[in-house]
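Trainee: Can we go through this one together? I'd like to start with charged side chains.

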Amino acid sequence: MKNFFSFFTQEIAIDLGTANTLITADDQVIVDEPSIVAVNRNTNEVIAVGRKAMMMHEKTHQMIRTVRPLKDGVIADFEAAERMIQGMIDMIPNRRRFFRNMCMVICIPSGITEVEKRAVFDSAEHVGSRETYLIHEPMAAALGIGLDVTEPIGNMIIDIGGGTTEIAVIALAGIVCDQSIRTAGDEFTVDIMNYMRRQHNLLIGERTSEQIKINVGAALHELEVPPEDYAVNGRDLMTGIPKQIMVSYNEISHCLDKSISKIEDAILKALENTPPELAADIYQTGLYLTGGGALLRGLDKRIAQKTKLPVHVAEDPLRAVVRGTGIALKNRAKYSFLITHKNM
């Protein structure tokens, strides 16, 4: 009978990120879209969600506004978040539309407040979830990269997302100590925008800054395999005329230096708070990097130089958290102590 009713329930795992939202079902990532929605200002009607909305971002006229509903890893615009999540769910291929019941596992930052948790639960309820679970991002990341979190062995996870960097020491299926700071990918993007304005008198948008970060972003001033200089188009602040300049990875590494130092300080603080027996384990196992920030050139080597510990970048770090969330969804009974549950 249970199996019969489960047929009428859609089970999905959601990585509700500041920059990107990913959804898995049946062990597959089926939605991977930017966390943004475009809305008609007059009718309040949703025009586009995800990638289509991102293509409109910073290019809209006065009748259209684009909204990024999440800030620093948590919901900042409740209504827009609901509409974005609903739009993402509607993207699920072959979705069974003859029922409304859904079971969701959603990952959240480890530093989230009870009020912010309530916002996630409420958003899930409003888009049709009848059973909602929350799991902390570092724990989901650990599951996603294949660590056995139930063992009495200490592992440190550093998940650098869009809005937050989550650093946690995990052992015996729990977070022993953690640091959550609001310095991550979005902060890198702002750093680059400010640098281009200050150093080159060039005004660029968020999307261009993101492309600079992807193409020539670096954490080290000297790389063994440096990327080619990148052509940046923007508006000259002196003349108001569009122009193009070339930027190198070395420039970008200098402008990101301060933000990366904040992440290093948070890692060192987490290591200082780690119990000695777990610290001994971490000396052997090293640190694990996940999230989009893990793709920044040379970041693993820079952290290794700072901590004198081995640093491992997860395979496909962008999807590590959502893979782990999917594992928690599939094995809810096994990992019941890892997740916060609420029946709607």
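Mentor: A salt bridge is a side-chain nitrogen of Lys or Arg within 4 Å of a carboxyl oxygen of Asp or Glu. This is a predicted model: local features need pLDDT of at least 70, side-chain atom pairs count only at pLDDT 80 or more, and totals for chains, interfaces and linings use all residues. Residues are numbered from 1 along each chain as its sequence is written, and side-chain values use heavy atoms, with hydrogens and water left out.

Trainee: OK. How many salt bridges does that rule give?

Mentor: The count is 17.

Trainee: Which residue pairs with Glu-114?

Mentor: Lys-117 does, at 3.5 Å from N to O. Both sit in helix H4 (residues 114–126), three residues apart, so about one helical turn separates them. Helices (H or I, at least four residues) and strands (E, at least two) are DSSP runs, numbered from the N terminus.

Trainee: Is Lys-117 buried or exposed?

Mentor: Lys-117 is buried, at 14% relative accessible area. Glu-114 is exposed, at 60%. The cut-offs: buried is under 20% relative accessible area, exposed is over 50%, and partly exposed lies in between (1.4 Å probe, protein chains only).

Trainee: What does Asp-236 form with Lys-243?

Mentor: A salt bridge, with the closest N and O atoms 3.2 Å apart. Asp-236 counts as buried at 11%. Lys-243 is partly exposed at 28%.

Trainee: Where are the partners in the Arg-319 and Asp-32 pair?

Mentor: The two side chains meet in a salt bridge at 3.3 Å, N to O. Arg-319 lies in the loop between strand E18 (311–313) and helix H12 (320–330), while Asp-32 is in strand E3 (residues 28–34). They are 287 residues apart, and the pair links distant parts of the chain. Arg-319 is partly exposed at 28%. Asp-32 is partly exposed too, at 25%.

Trainee: And which residues are linked in a network?

Mentor: Arg-68, Asp-186 and Glu-206, through salt bridges.

Trainee: New topic. Where is Ser-259?

Mentor: Ser-259 is in helix H9 (residues 257–272). With 3% relative accessible area, Ser-259 is buried.

Trainee: What does its side chain make with Asp-191?

Mentor: A polar contact, side chain to side chain, at 2.5 Å. That term means a pair of N or O atoms within 3.5 Å; within protein, one must be able to donate a hydrogen and the other to accept it, and residues adjacent in sequence count only if both atoms are side-chain atoms.

Trainee: What else is Ser-259 in contact with?

Mentor: Leave aside neighbours within four places in sequence. Then Ser-259 is in contact with Thr-183, Glu-187, Phe-188 and Asp-191. Contact means heavy atoms within 4.5 Å.

Trainee: How do H9 and H11 pack?

Mentor: At an angle of about 50°, with axes 11 Å apart; H11 covers residues 299–307. Axes are lines fitted to C-alpha atoms, for helices over the stretch in contact, and angles run from 0 to 180 degrees between N-to-C directions. H9 and H11 are therefore oblique to each other. Under 35 degrees is roughly parallel, over 145 roughly antiparallel, 65 to 115 roughly perpendicular, and the rest oblique. Residues making the contact include Ile-260 and Leu-268 of H9, and Leu-299 and Ile-303 of H11.

Trainee: At what angle do H5 and H12 cross?

Mentor: Roughly 85°, and the axes come within 6 Å; H5 is residues 137–144. That makes H5 roughly perpendicular to H12. Among the residues that meet are Ala-140 and Gly-144 in H5, and Gly-324 and Ala-328 in H12.
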